[in-house]
Amino acid sequence: MGLQLTVTVNGKQHSQEVEPRTLLVHYLRDVLRLTGTHIGCDTSNCGACTVLMNGKAVKSCTLLALQAEGAEITTIEGLAQNGELHPLQEGFKENHGLQCGFCTPGMIMTSVQLLDDNPNPSEAEIRHGLEGNYCRCTGYHNIVKSIQYAADAMRKEGTNV
Amino acid sequence: MSSFIGKSIKRVEDKRFITGKGRYTDDIVLPGMVYAQIVRSPYAHAKIVSIDKSSVESMEGVVAVYTGQDVAESGVGGVPAGWQVDFKNGDTMKEPPHPLLVADKARYMGDAVAVVIAESRELAKDAADLLEVEYDELDAVVDAAKAVEEGVPLVHDDAPKNMCFDWEIGDKTATDAAMASAHHITTLDFVNQRVIPNAIEPRAVIGHFDPANDKYTLYTSSQNPHLIRLLLCAFVLGLPEHKVRVVSPDVGGGFGSKIFHYAEEALMIWCSQRLGIPIKWIAERSESFMTDAHGRDHVSKAEMGFDAEGNVVGLRIKTFANLGAYLSTFAPAVPTYLHGTLLQGLYTTPAIHLDLVGSFTHTTPVDAYRGAGRPEATYLLERLMDTAALEMGVDPAELRFKNFIPPFDGVNEPGYQTQVALQYDSGNYAPVLQRALEMVGYEDFRAEQAAAREQGRYLGIGFSTYIEACGIAPSAVVGSLGARAGLYESAQVRVQPTGKVSVYTGSHSHGQGHETTFAQVVADRLGIDIADVEIVHGDSESVAFGMGTYGSRSLAVGGSAIVKSVDKVLEKGAKIAAHLLEAAEDDLEYANGSWTVKGTDKSVGFGDVSLTAYVPHNYPEGLEPGMDFSSFYDPTNFTYPFGAHIAIVEIDTDTGKVTLKRFIACDDVGNVINPMIVDGQIHGGIAQGVGQAMFEGAIYDENGQLTNGSYMDYTMPRADDLPSFEIDRTVTPCPHNPLGVKGAGEAGTIGSTPAVVNAVMDALSPLGIKDITMPLTSERVWKAMQG
Amino acid sequence: MVPTNFSYHRPSTVSEAVQLLASHGDEAKVLAGGHSLLPSMKLRLNSPDHLIDLSALSDLKNISESNGNIVIGAMCTHAQIAGNALVNQHLAMMAQTGGMIGDIQVRNMGTIGGSIAHADPAADWPASLLAAEATIVVQGSAGQRSIAATDFFQGLYETALNDGELITEIHVPIPAAGTSSAYEKFLQPASRFAIVGCAVMITQSGGTCTDVRVAFTGVSDMAFRDANVEGAMTGKAATADSIASAASQAANGVDILSDHFASEEYRKHLASVYARRALTTAVG
């Protein structure tokens, strides 16, 4: 019944059998126990389950785990490098970009691609870029600031290199 | 000499959330755990004719199937209401049973009829889909006002006319007289529509009975773990409370919807009692839509009378409040004591009367949702104010200034006694509106608006000045009003031998940042580093007792309990310090974490005193060792935050689409411990209030089908629907709690909704449009514009 | 929320996919990006016994130019099309459409082939493909055939695809010089599908509109070309007045959808508004 899945998650390759109907989000949460990726809806709207697949933000509740065969997945747990928070993680902390924290991993992972596509976004571009993620706590005000903070930090980092 | 209070300390809880290490209920996996799927009625009103368990029970991986019959046969009653409101004639409200699973009839779409437990989530879902339930569908009633008409279907046979209670507040005779003599009366018919809370973490429960130790553990995504334990033990399952542990770990938002004791909590424990293994139930989003207690849902006729000078002389309101199919925990209190008592608003209105009926309908139970009753009251008052200003041709800001209650600090001047039972603690209302007007640039805006109208563009400005009652208390008062629980808070401050401090609070943080704010309070008062303070909450095993978090009460009530315990620590510490310094206690002063003999350099630090308390070799005679204090704080009054909100909108005349261009808020929540966190609470509150004004609303069809119960159909504000908010505050300290704080959790939601609607009406005023029912969807606005 | 069980197949060639489809018939569903299918499977509105995942068919993931057409592989994602240089150069409307679907995450996974095979009446692509006079190339066990977009969409969730056929490519003719295009959409605020989506392609010559194509999605149970609006614009100079006059005829004589976001009356009105906006943007 199970089929073989080989996938790299946060830089580490995993290979095991999964039931075909296993969603990527359940694979991450239940099999790999990476519970930072959350489930907030049934209809691919809330964005709490957002992870990166080959560098692109995707909703892991709307992918079979088997669709990630051979892919590189990054979850919120894999974002910090060598104990250093990613500028977006830093930005959310510095700007009170989270309250209950439930939407936060999805927000941050979506924002990774947002800044990847557009390193110097306007406020309107940031707001538009978050159209696939619901937050019920912050009114988005500080999330926008958090992303602006990260964009500034990343541009400065880039200049320094 | 405050080092932490008043500073925007970054939150200590953030680290786990931004690294994916939060621990929510669904993240918990217990050994041998199985999974529950609840089978729910697809009909709003239906007889349950039969349930055939046999086909499903034999499926591989299915552990058990239980129905309402099984629960009833076990002798378990239902989930109780936590507040009793009596009829005008003194009769007790109707409180029909609310069983864990229904056996006879389903009374709303989503009512639980059976539970299927299986070895995996997938198998539980598969089996639940196959369970055969035969229903006999019946007619339904969904509208609060229609529910009490003759001849409509009854939700409960023992609640005639579907009335739970009728109720009034204020002076009817005086109000009728005032209205009769009024120079101008503004009348509006309102629907304050039903909204669905939608915390992004769906409700989640793990029930575990461990037969080896006769111990019960409930993990639940709740704002209120101790109260749930009390209800579970004393009312629902009759469990021994000392054998029951309730844990609310990280909780992904609540907004009121997770205050209440839900049937699933008791049901998972009940099932686990039978199976002896842990059982997990996680709501699907569609279940959250159907079964999380909804908010608002009032139908009202409201009249506000003015004299010739524009002074409000009377306010008369008739309201039908929809309670849904069963009474949720605080449901009866919301339209009554949290709504009727707020109708004074910020105004000197001398005569007020509210006549209200709470009715049962074939819909999801309705209970407190962010603001709870106070947004409904504010909506009535503030819509009436702006409408009256328009009708009388006066400026809406000026009309408010004219009617504001004059300032009083609650110390030198007494609190303000309202016409509707409450006594406001302290208030200075004109400055918040003054400041908001400055922020918005009122005169410039009116000029811009006039110029825009010349070009056929419709800009509008809307005002809302609100007051709320928070920190619900004191226990004796709420008890006299029908509360079946006290409304104090507990706190334990345990100083460890090395001077590190663990604080156990009965408040529950699910986004509010207690782990930071409370630590600021403690560190400041003790003069120690904030890193030396740990806030523990959400586990009945570690925290003695708690009343949970709702009604913007945590800091005002929970924080005050912490202060009480900290003060006991300092009191005992002074005795030990005096002994060590060989000085009289009166000669000591405490600052920056040390006791010093006044006028000398002789001092001893908090750490040394703490160590001495636990290693009491050189120690005051007769003093107990240790440094660990518990307190319960029961306030003497509610707190009364207030503020002024202003919205600016533009209407797309082609489509009716409303764009919120600016939102200005000047709030007064008393003293502020962490401005960053308070600002965040205001932001989030505004977004939810704007959501009700512009986007949200449950839609039931006449058969009681919730037709927009998914994110594909229920609209909530997204990032690109909102502007950045412009906020400021004034500070009028609360005179009756030690921190001078009033609470900030609901202010944004209460103030913002009418500001947005008023702005749209202001924009459309050249067309003679006075009211549009919320939410102000594009189509509704467009239709109104067509005349 | 999990789908029911199914057997999973990941063919590595189109012909293998077609064979699988032939052998499993009605019991099989094709998984492209999965952003319509998987949600419906999770809600158990759809419970196929076999799922044929096309993700390994890398031949269907390219966008290229061939014989005066832009050839878009059926497995191209919305984001890929929105960002493609060739599409942006010749068919602004198509790039705009791809960029307006769902949200960034949906655009990264959802595919044009999957979307049009599903034929949701509120989906964005059909309007643009009608206006572009695209051709849909499908492959079945009987071989390959091409279906004009106008023939492809046949009703609510209904297409001209026969059992066992798979969409492989979409051929979009590169427009003549002097042609410009635009897609404008009034969002359903919750789902972000189109309440009204209007795609316009206009060729102007000597100051008049010589070829005008206007197509709507979201308005009726299937996307359609609006001959009234097209006729009213053709031969006219594109001015604010001519556009407004043509747009006012939008969606005449069409059965118009109604739901709690937009009644029939409002939707028809929006069709006019969005026709005007798309025409204005296109000629802008």
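Two strands are taken as paired if DSSP finds at least two bridges between them. The model examined here is predicted.

Strand S27 covers residues 658–668 and is joined to S28(B) by four bridges. The two strands run parallel. Within this pairing, B:Cys666 stands opposite B:Asp728 of S28(B). Strand S28 spans residues 726–729, and its side chains alternate between two faces. B:Ile727 and B:Arg729 point to one face and are buried. Together with H17(B), the two strands make a β-α-β unit. The unit is right-handed.

The loop between H17 and S28 of chain B contains B:Arg718. B:Arg718 has 24 other C-beta atoms within 10 Å; the threshold for burial is 20 or more, so B:Arg718 counts as buried. Its contacts, neighbours within four places in sequence aside, are with A:Leu130, A:Glu131 and A:Tyr134. B:Arg718 therefore has contacts across to chain A, given that a contact requires C-beta atoms within 7 Å. B:Glu650 lies 68 residues from B:Arg718 in sequence. In space the two are 18 Å apart, C-alpha to C-alpha.

The contact between chains B and A takes 44 residues from chain B and 44 residues from chain A. On the chain B side, helices H1 (14–18), H8 (285–291) and H17 (675–694) are the elements that give two or more residues. H17(B) gives the most, with seven residues. The helix of the β-α-β unit is therefore also the element that gives the most to this side, where helices are DSSP runs of at least four residues. By class, the chain B side has 18 nonpolar, 14 polar and 12 charged residues.

A separate open sheet in chain B is formed by three strands in the order S4-S2-S6. Its pairing is antiparallel. The edge strands are S4 (105–106) and S6 (132–137), each of which pairs on one side only. Strand S2 covers residues 46–52 and is joined to S4(B) by two bridges. In this pair, B:Lys47 stands opposite B:Lys105 of S4(B).

Chain A has five helices and five strands. Read along the sequence, the pattern is β-β-α-β-β-β-α-α-α-α. The radius of gyration of chain A is 16 Å, close to the 15 Å that the globule rule gives for 161 residues, so chain A is as compact as a globular protein of that length. The C-alpha trace spans about 50 × 35 × 25 Å along its principal axes. Of the 161 residues, 65% count as buried. Among contacts in chain A between residues at least 6 apart in sequence, 60% join residues at least 24 apart.

Chain A also touches chain C. Here 22 residues of chain A are in contact with 24 residues of chain C. Strand S4 (56–59) and helix H3 (104–117) are the elements of chain A that give two or more residues to this side. S4(A) gives the most, with four residues. The chain A side divides into seven nonpolar, 10 polar and five charged residues.

Technical notes:
Residues numbered from 1 in each chain as written. Chains lettered and ligands numbered in written order. Predicted model: local features only at pLDDT ≥ 70, side-chain atom pairs only at ≥ 80, totals over all residues. Contact = placed C-beta atoms within 7 Å. Nonpolar A, V, L, I, M, F, W, Y, C, P; charged D, E, K, R; others polar. Buried ≥ 20, exposed ≤ 12 C-beta atoms within 10 Å, placed from the backbone. Right-handed = clockwise from strand over helix to strand, strands pointing away. Rg over C-alpha atoms; globule rule 2.2 N^0.38 Å.
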